[in-house]
Amino acid sequence: MINCGTRVYARNAAAMFRALDPGALVENGCLRVDLPTVTRFLVTRPISLDAVAGLAREAPPGKALVVEDLMHAEAAPVEGVRTFRIPVMVRGAGPVDAPRAPVVEVTEPGELAETERLIIGAFPLANYQPPVTGNALPARVLDIPGWRVWLARAADGTPAAGCFTYDDGASVGFYWVATHPEHRGRGLGRAVMEAALAAHPEREATLVATDAGLPLYEKLGFRPVSTMTWYTRQSVIDARNV
């Protein structure tokens, strides 16, 4: 069984994907979302490890794949699929310091496209290469209740750090927190996080952490609550090396 903190992440991620794709299917203990370049599965109920491996084996060929398994402490080997473990983190509701650099909430399509290109390049998100505007962050997210996109610029106006958040009514999830390599170490990623947290002081916050982001999240009050297994094909990110 997953613990309470992990359940916060699972509930938020499932709600976010359903908001992005109302046709997302829930069956056999997992949520399936078919996006333009990636098929994602979020395993949130007890199913066997063999069944998790089966999701990875049976996913449509020719597209990137992500299976997020919250239920098992080990991974099943699947030919052609990489696996790695990634921490789930939660922060309690409460105030946060004011952002140390200017951050804007993205409200118009041109700025959204800038933020999308920044995030795709900063991770990098291989399955969205070459970038096609709207594949990762379609313009409709600006009109989805609870969905907010955040952007910090460098001194010369260049998009430098960004993320999106999703408020499911009980918690706020942080997704794709990214800083361009040329602008790391200047506090811009932290500023984006602080701005988004300050906009939701009454909410628990949740995310999954790359190794590079872990120290920042801990400074902001996030704590690990579990470790999930990611199964990836045409790697979306390598959480160990970002």
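The structure is a predicted model, in which local features need pLDDT of at least 70 and side-chain atom pairs count only at pLDDT 80 or more, while totals for chains, interfaces and linings use all residues. Residues are numbered from 1 along each chain as its sequence is written, and side-chain values use heavy atoms, with hydrogens and water left out. The chain's secondary structure comes to five helices and eleven strands, where helices (H or I, at least four residues) and strands (E, at least two) are DSSP runs numbered from the N terminus.

**Overall shape and burial**

- Along the principal axes, the C-alpha atoms fill a box of roughly 50 × 40 × 30 Å.
- Of the 242 residues, 56% count as buried, a term that means under 20% relative accessible area, with exposed meaning over 50% and partly exposed in between (1.4 Å probe, protein chains only).
- Among contacts (heavy atoms within 4.5 Å) between residues at least 6 apart in sequence, 70% join residues at least 24 apart.

**The sheet**

- Eleven strands form an open sheet with mixed pairing, in the order E1-E2-E3-E4-E11-E5-E10-E9-E8-E7-E6; two strands pair if DSSP finds at least two bridges between them.
- Strand E1 (25-27) and strand E6 (103-105) stand at the edges with a single partner strand each, so one side of each is left without a neighbour in the sheet.
- From one strand to the next, the twist averages 25 degrees, with axes being lines fitted to C-alpha atoms (for helices over the stretch in contact) and angles running from 0 to 180 degrees between N-to-C directions.
- Helix H2 lies across strand E2 (30-34), strand E3 (38-43), E4 and strand E11 (223-233), and runs at about 165 degrees to E4.

- Strand E7 (residues 147-153) pairs with strand E8 (residues 159-167) in the antiparallel sense over seven bridges, and Leu-151 has Gly-162 in E8 as its bridge partner.
- E8 and E9 also run antiparallel, joined by six bridges, with Asp-167 opposite Val-172 in E9.
- The hairpin of E8 and E9 has three residues between the strands, and there Gly-169 takes a positive phi near 100 degrees.
- E9 and strand E10 (residues 204-208) run parallel and are joined by three bridges, with Ser-171 opposite Glu-204 in E10.
- Nine of the nine residues of strand E9 (residues 171-179) are buried, so this strand is largely enclosed by the rest of the structure.

**Backbone exceptions**

- Most residues other than glycine have a negative phi, and most peptide bonds are trans.
- Trp-176, in strand E9, has a positive phi of about 55 degrees although it is not a glycine, and its relative accessible area of 19% makes it buried.
- The peptide bond from Phe-123 to Pro-124 is cis, with omega near -5 degrees, and Pro-124 is found in the loop between helix H3 (109-122) and E7.
- The peptide bond from Gln-129 to Pro-130 is cis, with omega near -10 degrees, and Pro-130 is placed in the loop between H3 and E7.

**Lys-63**

- Lys-63 lies in the loop between helix H2 (49-58) and strand E4 (64-69).
- Leaving aside residues up to four places away in sequence, Lys-63 touches residues including Asp-34, Thr-39 and Arg-233.
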